[in-house]
Amino acid sequence: MNERIRDLANEAAKYSATMFLPTGENGDDLFVKKFAQLIVQQCANIAKETRWAVPPSQEQIARSIIQHFGVEE
């Protein structure tokens, strides 16, 4: 598993472990929701914060996200 994805999974696991009692939600559901939220946030940050020389194409943004997570196409 890619290091960035592992870090996000660990963060989501810690969140779900600490929040399932106070919220009464299922720990697995909390993990999935938090993990998805963290991934989407990372993708949005890449699209928003990357310094592009010219306005990027959708392909450039997609490549940047893929590279960020180290996912093979």
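Q: What makes the residues of α1 and α2 count as meeting each other?
A: Contact means heavy atoms within 4.5 Å. By that criterion, Ile5, Leu8, Ala9, Glu11, Ala12, Ala13, Tyr15, Ser16, Met19, Phe20 and Thr23 in α1 meet Gly27, Leu30, Phe31, Lys34, Phe35, Leu38, Ile39 and Gln42 in α2. By class, this contact of α1 with α2 has 13 nonpolar, four polar and two charged residues. Ala, Val, Leu, Ile, Met, Phe, Trp, Tyr, Cys and Pro count as nonpolar, Asp, Glu, Lys and Arg as charged, and the others, Gly among them, as polar. The model is a predicted one, in which local features need pLDDT of at least 70 and side-chain atom pairs count only at pLDDT 80 or more, while totals for chains, interfaces and linings use all residues. Residues are numbered from 1 along each chain as its sequence is written, and side-chain values use heavy atoms, with hydrogens and water left out.

Q: Why is α1 called oblique to α2?
A: The two helices pack at an angle of about 140°, with their axes 8 Å apart. Axes are lines fitted to C-alpha atoms, for helices over the stretch in contact, and angles run from 0 to 180 degrees between N-to-C directions. Angles under 35 degrees count as roughly parallel, over 145 as roughly antiparallel, 65 to 115 as roughly perpendicular and the rest as oblique. The angle of about 140° falls in the remaining class, and therefore α1 is oblique to α2.

Q: How is the crossing of α1 and α2 described, left-handed or right-handed?
A: The crossing of α1 past α2 is right-handed. A crossing is left-handed if the near helix is turned anticlockwise from the far one by less than a right angle, and right-handed if clockwise.

Q: Why are α2 and α3 described as oblique to each other?
A: Their packing angle is about 130°, and their axes are 10 Å apart. Judged by the classes already stated, α2 and α3 are therefore oblique to each other. The crossing of α2 and α3 is right-handed. Here Ile39, Gln42, Cys43, Ile46 and Ala47 in α2 meet Ile61, Ser64, Ile65, His68 and Phe69 in α3. These residues divide into seven nonpolar, three polar and no charged.

Q: Why does Leu38 count as buried?
A: Buried means under 20% relative accessible area, exposed over 50%, partly exposed in between (1.4 Å probe, protein chains only). Leu38 has a relative accessibility of 12% and therefore counts as buried. Leu38 lies in helix α2, where helices (H or I, at least four residues) and strands (E, at least two) are DSSP runs, numbered from the N terminus.

Q: What makes Leu38 part of the largest nonpolar core?
A: A nonpolar core is a set of buried Ala, Val, Leu, Ile, Met, Phe, Trp, Tyr and Cys residues joined through side-chain atoms within 4.5 Å. Leu38 is one of six residues in this core, together with Leu8, Ala9, Ala12, Phe35 and Phe69. The elements giving two or more residues to this core are α1 (3–23) and α2 (27–49).

Q: Why is Ser64 called buried?
A: The relative accessible area of Ser64 is 18%, so Ser64 is buried. Ser64 lies in helix α3 (residues 58–69).

Q: Why is Glu25 called partly exposed?
A: Glu25 has a relative accessible area of 32%, and is therefore partly exposed. Glu25 is found in the loop between α1 and α2.
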